[in-house]
Structures are given as C-alpha cells and as structure tokens.
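Here is a short report for a first look at this structure. Begin with the sequence and the model, then read on.

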Amino acid sequence: MSDALINGLAGAGGGIIAQLITYPLQSVNTRQQTERDVKKAKRKHGTLEQMCQVVKNEGWGRLYSGLAPSIVGTACSQGVYYYFYQIFRDRAEAIARENKRNGIGDGSVGMLSSLMVAALAGCTNVLLTNPIWVVVTRMQTHTKNSNKSQPGHSSIAPDEKGLDPIECPPYGTGHAIQELYDEAGIQGFWKGVFPTLIMVCNN
C-alpha cells in the first residue's frame, strides 16, 4: 500500500471520528451564521441554548440533519487532501533531488515548495468535494417550517391562509440534491467554490 493511500485512509478515519463527535455543534453554528430572521437574531441565543431550542421545537434528529452526507464529505475531503498532498509532496521531493544532482539546492523541499504542495492538495480537495458540502449546508439550515415568506410579499394579504407553520416531509439527502439541481442546475453544486479556493491559502 502506497504512502499516499495510507495517509488518505488515516485522514478519512480521523475526520469521521471528529465529525461524529462535533456534528451537533456544527449544525447549530451553521444555523447561527445563516440566520435571516431579525427577531431571532436579536435574541442572541448562545450555542447551547440554541441547541436546546432546536431539540425542543424540532427534535433530536434535527441536530443530526445532513450527518450522512457530512460523514461522506469529511471522509472524502480528508482522504482526498492527504492522498494528493502525499502525491504532490513525493513529486516535490523528486524534483528537489533532481535539482541537487544538477548542482541546484541541497535536495530538500523548501518552504515555498511546501506551501505550493499544500495549496495544490487543498484546491484539488475543494474542486472534488464542494458539491457534498453544499448539500450538507442546505440540510443543516433546513427548518420544519415550509411556508417561508417570499421576497416582496411578506406584508401582502396578512389574513390569507398559509400563515400557520406546516411541518415539512422528511428532508433527506435526495430532497436536498433534487431541490438544489432544480434551482441552479449542475453549477449549483459548486456554489461558493471560488471563495473556498481562495481560503485554501490557510493550508
């Protein structure tokens, strides 16, 4: 088994364990970041308080909404990153050795080369796994109220029917994928990919 494959599997395994432990906190954090209800935003619930609110109003299962694709995404993301990191690292080391034979450098991978290796692995990871994270975020921020106000119509006909909350049917991975595809087509699965690619520099 190659070093790249070993590193990829180790990264995927570690990512899955971390995701299982921290997923409820991630779900609440995502909701806090995407909250658009001004009244709710003014209440400024803490993370644990909002978690209790979700459990009370929507059930324990809602804290784990999107867990399955998230685990797949984490395994793929960590696996892809560490697999390609090792491949690019091996290539950089081979180039450094070749340069040393030609009288250039000392045969070690320099800081700039290391940064390039991490950036290339990060970009590869983002391009391959972004669709998974778009679906996961959509599932985390989905609520049980299906009658969301439409822009420009929130103040019209206040007495019309449909104002009472209606519980949505189960919102699974298939629902999220189909909804996203209907809204934006294939390109919708790569929403936010360019800012994410820019943030790869953190690696």
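Arg 89 counts as partly exposed, at 21% relative accessibility. Partly exposed is the class between buried (under 20% relative accessible area) and exposed (over 50%), found with a 1.4 Å probe and protein chains only. The side chain of Arg 89 meets that of Glu 93 in a salt bridge, 3.4 Å from N to O. A salt bridge here is a side-chain nitrogen of Lys or Arg within 4 Å of a carboxyl oxygen of Asp or Glu. Glu 93 is partly exposed too, at 29% relative accessibility. Both residues lie in helix 4, four residues apart, about one turn of the helix.

## Basis of the model

This is a predicted model, in which local features need pLDDT of at least 70 and side-chain atom pairs count only at pLDDT 80 or more, while totals for chains, interfaces and linings use all residues. Residues are numbered from 1 along each chain as its sequence is written, and side-chain values use heavy atoms, with hydrogens and water left out.

## Overall layout

The chain has seven helices and zero strands. Helices (H or I, at least four residues) and strands (E, at least two) are DSSP runs, numbered from the N terminus. Of the 203 residues in the chain, 30% are buried. The chain exposes about 13300 Å², and carbon and sulfur atoms supply 60% of that area. Accessible areas come from the Shrake-Rupley method with a 1.4 Å probe; for residues, only the protein chains shown count as cover.

Contacts are heavy atoms within 4.5 Å. Among contacts with a separation of 6 or more, 75% join residues 24 or more positions apart.

## More on helix 4

How far apart are the end C-alpha atoms of helix 4? They are 50 Å apart, which agrees with the 51 Å that its 35 residues should span at 1.5 Å a residue. The expected span is 1.5 Å times one less than the number of residues.

A second salt bridge joins the side chains of Arg 101 and Glu 98, at 2.6 Å from N to O. These two are three residues apart in helix 4, so about one helical turn separates them. Arg 101 is exposed, with a relative accessible area of 61%. Glu 98 is partly exposed, at 36%. Just after helix 4, Gly 103 takes a positive phi of about 85°.

## A nonpolar surface patch

Met 1, Leu 5, Ile 6, Leu 9, Tyr 83 and Ile 87 form a nonpolar patch on the surface, with about 560 Å² of accessible area together. Patch residues have over 30% relative accessible area and no salt bridge; like charges are joined within 9 Å, and nonpolar side chains (Val, Leu, Ile, Met, Phe, Trp, Tyr) within 5 Å. Helix 1 (3-34) and helix 4 (67-101) each give two or more residues. Helix 1 gives the most, with three.

## Helices 5 and 6

The largest nonpolar core has six residues: Val 134, Val 135, Met 139, Ala 176, Leu 180 and Phe 189. Such a core is a set of buried Ala, Val, Leu, Ile, Met, Phe, Trp, Tyr and Cys residues joined through side-chain atoms within 4.5 Å. Helix 5 (111-141) and helix 6 (173-184) each supply at least two of its residues.

The side chains of Glu 183 and Arg 138 also meet, in a salt bridge of 3.0 Å from N to O. Glu 183 lies in helix 6 and Arg 138 in helix 5, so the pair ties together parts that are 45 residues apart in sequence. Arg 138 counts as buried, at 18% relative accessibility. A network of salt bridges links Arg 138, Glu 179 and Glu 183.
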